[in-house]
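Please read it with the coordinates open.

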Amino acid sequence: MAQSKENTPAIVMFPFMAQGHIIPFLALSLQIEQRGFDIIFVNTPLNIKKLRQSIPPSSAIRLREIPYDSSCYPGLPPAVENTDVLPPHLIFPFIESSISLKPAFRHLVSDLVRGGAPPLAVVADMFFGWSAEIAREFGVFHAIFSSAGGFGIGCYCSLWLNMPHRKTNSPEFFLPDFQEAGLIHLTQLAPSISAADGSDTDTKSVFMRKNILEWSDSDGVLFNSVEELDKIGLDYFRRITGRNVWPVGPIFLTGDNRKISRISPEKCTEWLDTKPTNSVLFVSFGSNNTISASQMMQLGRALERATNTHFIWVVRPPLGFDITAEFKAKEWLPEGFMQRVVVAQNRGLVVVQWAPQVEILLHESVGAFLTHCGWNSVLESLSRGVPLIGWPMAAEQFFNAKFLEEEVGVCVEVARGVGFEVRCEDLVEKIEMVMGESEKGMEMRRKAGEVKKMIEDAVRDDGDFEGSSVVAMDEFLNAVLLKKQKMEE
Ligand code: UDP
C-alpha cells in the first residue's frame, strides 16, 4: 500500500526564525525537493503562517510549528520572531533565546520517529549546533546549513573561538587558526564582537563558542557557496570541524516567493531598458539595514555628481528613525533631489523600502552594485558578473568585503560600518572608477565576468558535465541515503 504523504520520511529543515535565514532555507528546500525528497519545514507559528503564502503551489513541502515564547529571555518584545527589522542590540538576545526551542524540537523529532517516519535528515541553522545532539540521539543524519559564505563566516567564527582578540596594541592582527584570511583590522569587528571578551561570564561568547564547537557533532556543513570561489573559507571549516563541507550554492529564491516591493519588477525593467549597458549603479543595503541621515545626504550628492551614472537606490528612513515608517524625501535627501535628479533628469529611481533586487541585477544596464556585502547580495551580483562597491555594516559583511577586494578582486570598499564618516568626494571617486573606463574598473568587470563563469560552471548539469555545486549536492544526498540504509540494516 502506498504511504500517505503525511507519513513518508522527509528531510527536516530548521532555520533560525528570521527572514534572512528562512528565505535561503526555503530556497534550499525547494532545490532538494526537486531531487525527489520530501521536506518538512519547521519553524515558529508566526513564521509558518507567513510561509503558507510564500511556498509555491507546486511544492509539497509540509510545514510544522514548534512553540516559542520570547518572554523566556529578558528584554525581548513579544512576537520578536515576526519582526522584519530588529534593532541591533536585540539580535544577540534573540539568537541566545533560540536555545529554548530545544525541548520542542526534540519532541517533534521523537514524534516523527515514533510515528514510523523517522526523518531522513535534519538540516539545521548555523545557530542551532545544539540540534546535532538530538539528531544523534535518534540516529538521524544531521547537517548545518550556512547561508553565509565560507571566508566571511570563517573569520567571524574564528573571532568567537579565539577571544580575546585584542591581546596586542596593534590595530591589526592575524586570526590564530585562520592565518590564510590575512590581517584583520579592529574596524572590521562588528560591535557585538568588539564588546565581547570571551570570558565564561560573557553569555554571547559562551553561546557562540559552544555553538560553533557543536558543528563538529554534525555529519557535515552545507554552504550557500561555490568551491572554486570560496575554497579558503570552506577549507577552514573542513579543518576546524573535521566534517564534510558541501558548497551547494548559489541558491536563490526569485519572483513570487520573495517579499513584494512597491515597484514591480516589470516597471524596473522598463526603466532600465531606457538606459545604456552598464550605466546604472544599484544601491541597496540588504533586508534590514539603513544608513545615517548625514550619510544619506552625502550619498545623494554623490549620485547626483557622478558622471554618466544612473542609479536605482533603495531607501529607508535613516538610523534613529523607525525604519519601517514613511520615507520623507524632502527631509532626508539633498534639497530638490527628487525633482531635479529623479523627475527632471530621469537619472535614477528611488525605491522605498524594498526593490526586486534579483530582477534588477539581471538587467544588462546595471554596471555595479553599492552593497553592504551581505552574502546573498554578493552571490546575486556576481552570478551576473556585476562588480561591487562595498559598504559593510555588520557581522561577517566586513570579511566578505575584504575577501572580495583582496582575494577575488571584484570589490572596492568605500565605507566601513554604520558610523563611518563617508564623504561625497570619496563616493564619487569610487563610483566613477568602478562604473567608468578606469583601468581598475575594467579589471574589476573582467574579474566579475570570470566569477560569473565560475558560478555558471558550478551549477551546470548537462549530462556530460556536473559542476562542483551539483556534485556537492549529490554527495550530501548520497550521505543522507547511506545513513538511512545503515540504520535499516
Ligand atoms: N533584498 C531584496 N530587495 C531589497 C533588499 C534586499 O530583494 O530591497 C533581498 C536580496 O535580494 C537578498 C536579501 O534580500 O536576497 C538580502 O540578503 P543579504 O544576505 O544580502 O543581506 P541581509 O539582509 O541578510 O543583511
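1. **Basis.** This is a predicted model: local features need pLDDT of at least 70, side-chain atom pairs count only at pLDDT 80 or more, and totals for chains, interfaces and linings use all residues. Residue numbers start from 1 along each chain, as its sequence is written.

2. **Confidence.** Mean pLDDT (the predictor's confidence in each residue, from 0 to 100) is 94 for the protein. Of its residues, 97% reach 70 or more. For the complex, the predictor gives a pTM of 0.95 and an ipTM of 1.00.

3. Terms: strands (E, at least two residues) and helices (H or I, at least four) are DSSP runs, numbered from the N terminus. Two strands pair if DSSP finds at least two bridges between them. Axes are lines fitted to C-alpha atoms, for helices over the stretch in contact, with angles from 0 to 180 degrees between N-to-C directions.

4. Strand β2 (residues 39-43) pairs with β3 in the parallel sense, over 4 bridges. Asn43 has Glu65 in β3 as its bridge partner.

5. **Strand β5.** Is this strand enclosed or open to the outside? All counted, 6 of the 6 residues of β5 (residues 141-146) are buried, so the strand is largely enclosed by the rest of the structure. Buried means 20 or more other C-beta atoms within 10 Å of the residue's own; exposed means 12 or fewer, partly exposed in between, with C-beta atoms placed from the backbone. In a regular strand, side chains alternate between the two faces of the sheet. Both faces of β5 are covered: one side carries Phe141, Ala143 and Phe145, the other His142, Ile144 and Ser146, all buried.

6. **Neighbours of β5.** β4 and β5 run parallel, joined by 5 bridges. Val123 has Ala143 in β5 as its bridge partner. Toward β8 (residues 220-223), 4 bridges join β5, again parallel. There Ala143 stands opposite Gly220. β4, helix α5 (residues 131-137) and β5 form a right-handed β-α-β unit. Right-handed means that, with the strands pointing away from the viewer, the path from the first strand over the helix to the second runs clockwise.

7. **Val122.** This residue lies in β4 (residues 121-125). Val122 is buried, with 29 other C-beta atoms within 10 Å. Not counting residues up to four places away in sequence, Val122 touches Val12, Phe14, Val109, Ser131, Ala135, Val140 and His142. Contact means C-beta atoms, placed from the backbone, within 7 Å. Val122 and Ala132 are 10 residues apart in sequence and 8.2 Å apart in space, C-alpha to C-alpha.

8. **The sheet of 6 strands.** This open sheet also has parallel pairing, in the order β12-β11-β10-β13-β14-β15. Its edge strands, β12 (348-352) and β15 (411-413), each pair on one side only. Neighbouring strands are turned by 15° against each other on average, direction ignored. β11 (residues 310-315) pairs with β12 in the parallel sense over 5 bridges. The bridge partner of Val314 in β12 is Val351.

9. **Core.** Which residues touch the most other members of the largest nonpolar core? Of its 141 residues, Val123 and Ile312 do. A nonpolar core is a set of buried Ala, Val, Leu, Ile, Met, Phe, Trp, Tyr and Cys residues joined through C-beta atoms within 7 Å. Beyond four places in sequence, the contacts of Ile312 include Cys268, Val280, Phe282, Gly348 and Ile360.

Definitions and conventions. Two residues are in contact if their C-beta atoms, placed from the backbone, lie within 7 Å.
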